[in-house]
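Please keep the sequence and the model in view while reading.

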Amino acid sequence: MAQPRIGVFICNCGTNISHVVDTEAVRDHALSLPGVESVRTYKYMCSNPGQEMIAAEVRERGLDRVVVAACSPRMHERTFRGASRAAGLNPYLFDMANIREQCSWVHADGPAATLKAAALTRAAVFRVARQEPLEGLTAEMCPTTLVLGGGIAGLTAALELADGGYPVVLVERTDRLGGNLARVDLTAPHLDSARDLLTERITRVRSQPNITVLLHTQLKSLSGFVGNYTAVVEATKGVAALAEPVRVGNVIVATGYREFDASRVTHYGWGKLPNVVTSFEFEKMLRAGRIETKDGRAPRYAAIVHCVGSRSREFHGYCSRVCCMTALKYSQEIKSAVPDCYVSDLYIDMHAFGKGCEDFYKRGSEVKTLFLMYGKNERPVIRRASPGDDCDMLIEVDEQLSGERIEIPADLVVLMVGMEAREDAGEVARLVNISQDKDGWFMESHPKLDPVATTTDGIYIAGTCASPKDIPDTVAQARAAAGRILARIARGKIEIDGVFAEVDEERCSGCRICNELCPYSAVEFDGEKKRSHVIPAACKACGACVAACPSGAVKARHFTSEQILAQVEGILA
Amino acid sequence: MNARKLQVALYWGAACGGCDVAVLDTDEFVLDLAEAADIRFWPIAVDGKYDDLEAMADGELDLALFNGAVRNSENEHVAKLLRAKSRLLVAFGSCAHMGGIPGLANLTCKEDILATVYLANPSIEPGNKTVPQARVLADGGELIIPTFYRRVYSLADVVDVDYFVPGCPPAPDQVKNVLLAVVRGQLPPRKSVLGAGERALCDECRRTKSEKKIKRFHRPHEVVQDPERCLLEQGILCLGPATRSGCGVRCPDSNQGCRGCYGPPSGVKDQGARFLSALASVVDSKDPGEIEEILAGLPDFAGFAYRFSVPTSTLQRSHRP
Amino acid sequence: MSYEPKLVAFLCNWCSYAGADLAGTSRIQYPPNVRVVRVMCSARVEPAFVLEALARGADGVLLCGCHPGDCHYSEGNYKAMRRFPLLKQVLQAYGVEGERVRLEWVSASEGQRFADIVADMTVRLRALGPSRVKSTLQADLVER
């Protein structure tokens with residue numbers, strides 16, 4: 001390797017750096033270092049004149065590496081990489097020493113800070129000497145999207161993409177579209193018909209030529225990387241849906257939720273007491289237009305119990321979000337159908353956070369629902385009433401607001417069962433390579449800033465499979481995921497950053513220690529060659545496989561061991 | 001062509017004799033070797049004195065195979081002699097290559113070793129505190145014995161070495177290959193490792209390899225092993241992934257984990273550190289308490305991962321005060 | 001000249017390096033003994049780096065990553081978490097005081113925490129005295 005010609009540029013940052021660090025002393029030290037051809041100081045290196053100084057110096061002195069000692073690379077690495085590129089250098093032949101945020105701003109002792117600045121600059125010089133020019137890669141972006149799940153989330157996402165002009169393959173496990181929402185009568189808080197909402201969606205999906213709907217179908221395998229996935233689907237029943245594997249660019253996982261099994265809460269008596277029903281069973285009654293007990297009578301007393309399976313130490317700790325408003329809906333619907341019925345609503349807290357929800361709550365009390373608050377881990381107990389009582393069941397509850405233990409009558413009890421992750425969620429997660437949190441919900445890339453993407457590029461999640469949520473949020477996520485994909489497709493190609501890991505197949509022994517370590521499934525094993533290799537497009541350059549390889553066969557581009565150790569050497573020299 | 005026989009010397013430093021036996025284990029080949037070569041010096045097998053070596057001219061020997069580590073000044077003295085007298089000096093076997101088993105002494109110190117052997121030993125008669133000294137006056141003269149160094153060195157730490165043949169001991173087939181290569185003059189660039197592969201042992205090992213996720217470590221006798229499956233995947237320690245191939249996978253084929261005697265694969269400096277990183281990475285837990293429990297199944301990790309390579313590892317020896 | 005510990009710190013780009021930068025923008029002062037090497041993730045830090053740093057004269061090595069569960073690359077910090085106890089075992093076998101190497105989780109918002117960790121570690125390293133590793137290895141060269 002030819003001796004590098006390194007230019008060092010030290011920024012005073014006005015006086016932010018120079019008021020503590022003697023930048024001239026750092027300059028003198030840098031000049032003494034091997035490979036350093038020129039050292040310049042300047043007031044604001046990131047400014048246009050500063051960047052032009054770099055370009056001029058590179059040209060005039062024939063420099064092939066650049067070190068800037070200034071602020072944090074998190075601030076201006078991009079700026080100076082750009083300046084290096086403008087000067088005709090590969091942007092990866094640049095390194096930065098942080099002598100502001102991690103030096104002049106945190107150390108008052110001038111001589112000590114200067115020594116440190118010199119050490120950090122030296123470390124950058126040693127490192128940059130071992131850096132290599134890197135080029136990025138481009139790959140195709142297949143415009144077809146795979147949507148898993150034909151519920152409201154899947155239908156919405158598919159329409160958004162198809163209306164945008166791109167093909168969608170919509171895969172649904174059961175024999176029809178609509179998902180859990182198809183089992184619902186009216187939605188809260190505006191009491192819209194779920195059927196109307198769904199019918200509109202389903203009709204449009206069916207008539208949208210860009211969407212291929214595959215019922216009775218599930219995903220069997222997914223391989224490849226963003227823009228270039230290959231999906232193999234299989235029939236859950238009957239004949240194979242698609243003979244050929246299908247090429248897709250992205251996947252939206254919208255597989256929904258299942259309801260909590262109420263029989264697990266033994267003292268609610270579901271499955272034993274005939275008039276204890278779950279919310280979905282109640283929806284059936286509402287759709288049939290008949291609210292009645294098992295023996296066909298209109299109930300005189302009805303009770304609705306919140307948080308069945310949710311917000312509990314024993315079952316799931318989380319809140320299922322939709323049940324409170326749904327419960328209010330039920331109390332209003334019961335009152336409307338059976339005006340003489342006494343309706344009690346047993347809740348822990350009333351979660352009325354959405355638009356129109358507080359008003360909905362007020363309406364609940366306007367129709368004379370009796371609201372009874374119980375403690376989080378002190379569940380009411382439902383039992384059969386005695387023959388002398390004028391009701392079917394009695395509910396004992398430690399009512400919090402009055403502080404009294406009371407007994408209320410009930411002919412019909414509706415249990416607001418919570419949402420939980422589907423039984424097959426683990427399998428789906430494994431197939432598309434996303435993670436689940438401790439409750440089984442699919443994990444987003446960042447809970448605040450990136451709620452529909454996942455750590456696997458090209459796989460998006462939308463709706464209740466990610467966490468309990470209502471219809472507006474589900475639809476928002478579905479459209480967001482579709483929007484992200486549309487933006488990606490519009491770019492045409494995907495740019496893969498030049499920084500990724502690479503396996504040296506001459507040194508790889510096929511031990512396979514690396515394969516399981518990658519959260520992005522970027523390290524694959526070739527069974528025939530008996531060697532592992534990294535898929536550059538999928539690699540995020542974290543370096544986990546690099547550090548773990550017992551042969552040292554994986555190289556971290558731009559973060560090689562030689563470069564890092566050169567930095568350490570520079571620091572300690 | 002000159003029919004001059006190859007002039008060969010074999011020597012053992014801090015050694016067990018196994019490497020010499022490995023040469024004898026080449027069976028009939030060693031007889032061919034005796035035909036093709038003059039064995040000028042081989043303490044375990046033929047008569048000879050140091051004076052014989054001193055008397056040789058520089059470069060008079062074609063090949064010197066030095067096995068064993070450098071523990072004392074005698075080992076170093078002979079290493080330097082052989083370096084001067086031989087065209088080619090080969091570090092033969094783990095001890096010469098990396099320090100080997102004697103190298104484990106680097107995890108203790110000279111004082112503790114001498115105290116254990118000469119002072120705190122139950123077989124020492126009470127009151128006897130005799131510890132060997134390098135120079136002792138006796139009977140009007142001075143007795144000098146080699147100085148026991150305060151740590152063990154590999155051969156390359158004390159002299160310039162041409163080639164390295166790893167193994168504890170090197171596999172007989174490989175010994176044959178190396179000697180034939182010398183005889184035929186078919187040697188790779190200086191400083192190469194001979195008689196071994198470049199990649200890690202997994203490349204040679206016929207066991208099936210798949211997901212590596214370890215929930216528990218087991219001693220080999222604690223579980224009924226699957227003879228077809230990777231040992232590490234079964235929780236049985238095997239240094240194979242961080243060990244150079246070439247030995248014929250003798251240990252995993254005998255249902256024992258590889259112990260690392262061929263040293264690290266090509267390009268790796270510190271065998272133990274690489275293995276540490278690899279092994280810890282595939283421990284299957286995210287809970288600090290559980291991780292601690294799983295790792296408690298490795299009572300002497302340093303001793304295992306650095307069994308043959310302490311003197312040539314990054315830290316080289318104990319740094320206790 | 002009295003001994004001033006040399007502390008090498010490996011900080012992950014997304015959390016701990018950002019946290020250290022935050023200490024800077026907040027002008028939180030801490031001892032200048034620490035010099036930082038930036039990596040993308042704590043998972044990149046090889047035990048070999050720590051050993052090399054000690055062999056080249058570092059008196060202490062600090063490894064920082066994101067809090068468990070918050071790793072930008074999902075699980076990188078767990079790899080660091082698993083490697084660290086074994087590294088401590090190896091250091092113990094080699095007679096290097098365990099307190100010279102430390103693993104801490106520092107988030108991007110924990111500028112004060114970073115400064116406190118550095119200050120604390122510097123004090124402890126001062127009390128421990130200089131690391132003997134480099135000087136012993138150099139003395140070995142001279143021994144024979």
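The domain assignment of chain B, in what is a predicted model, lists domain 1 (6-102 + 151-184), domain 2 (107-149) and domain 3 (201-312). Between the C-alpha centres of domain 1 of chain B and domain 3 of chain B there are 30 Å. These two domains touch: 15 residues of domain 1 of chain B are in contact with 12 residues of domain 3 of chain B. On the side of domain 1 of chain B that touches domain 3 of chain B, the elements giving two or more residues are helix H5 (94-98), strand S8 (148-153) and helix H8 (172-184) of chain B. H5(B) supplies the largest share of that side, 3 residues. By class, this side of domain 1 of chain B is made up of 7 nonpolar, 7 polar and 1 charged residues.

Chain A may be taken next. Its assignment gives domain 1 (6-134), domain 2 (145-257 + 421-492), domain 3 (262-418) and domain 4 (497-557). The centres of domain 3 of chain A and domain 4 of chain A, taken over C-alpha atoms, are separated by 55 Å.

Two helix pairs of chain A show how its helices pack. Two packed helices are described by the angle between their axes and the distance between the axes. Helix H1 (residues 23-31) of chain A packs against helix H5 (residues 110-129) of chain A at an angle of about 35°, and their axes are 9 Å apart. The crossing of H1(A) and H5(A) is right-handed. From H1(A), the residues Ala25(A), Val26(A), His29(A) and Ala30(A) take part, and they meet Thr114(A), Ala117(A), Ala118(A), Thr121(A) and Val125(A) of H5(A). This contact of H1(A) with H5(A) comprises 6 nonpolar, 3 polar and no charged residues.

The second pair consists of helix H9 (residues 323-337) and helix H10 (residues 357-366) of chain A, whose axes come within 9 Å and cross at roughly 35°. The crossing of H9(A) and H10(A) is left-handed. H9(A) contributes Met325(A), Leu328(A), Ser331(A) and Gln332(A), while H10(A) contributes Cys357(A), Phe360(A), Tyr361(A), Arg363(A) and Gly364(A). Of the residues in the contact of H9(A) with H10(A), 5 are nonpolar, 3 are polar and 1 is charged.

Chain A also holds an open sheet of 5 strands, with parallel pairing, in the order S8-S7-S6-S12-S23. Strand S8 (211-214) and strand S23 (459-461) of chain A are the edge strands, and each pairs on one side only. On average, neighbouring strands of this sheet are turned by 20° against each other, direction ignored.

The last topic is the interface between chains A and C. Here 38 residues of chain A are in contact with 36 residues of chain C. On the side of chain A, the elements that give two or more residues are helix H3 (73-86), helix H4 (100-104), H5, helix H13 (544-548) and helix H14 (561-572). H14(A) provides the largest share of this side, 8 residues. The side of chain A that touches chain C divides into 23 nonpolar, 8 polar and 7 charged residues.

Notes: Residues are numbered from 1 along each chain as its sequence is written. Chains are lettered from A and ligands numbered from 1 in the order in which they are written. This is a predicted model: local features need pLDDT of at least 70, side-chain atom pairs count only at pLDDT 80 or more; totals for chains, interfaces and linings use all residues. Axes are lines fitted to C-alpha atoms, for helices over the stretch in contact, and angles run from 0 to 180 degrees between N-to-C directions. Helices (H or I, at least four residues) and strands (E, at least two) are DSSP runs, numbered from the N terminus. A crossing is left-handed if the near helix is turned anticlockwise from the far one by less than a right angle, and right-handed if clockwise. Two residues are in contact if their C-beta atoms, placed from the backbone, lie within 7 Å. Ala, Val, Leu, Ile, Met, Phe, Trp, Tyr, Cys and Pro count as nonpolar, Asp, Glu, Lys and Arg as charged, and the others, Gly among them, as polar. Domain bounds come from an automatic or database domain assignment. Two strands pair if DSSP finds at least two bridges between them.
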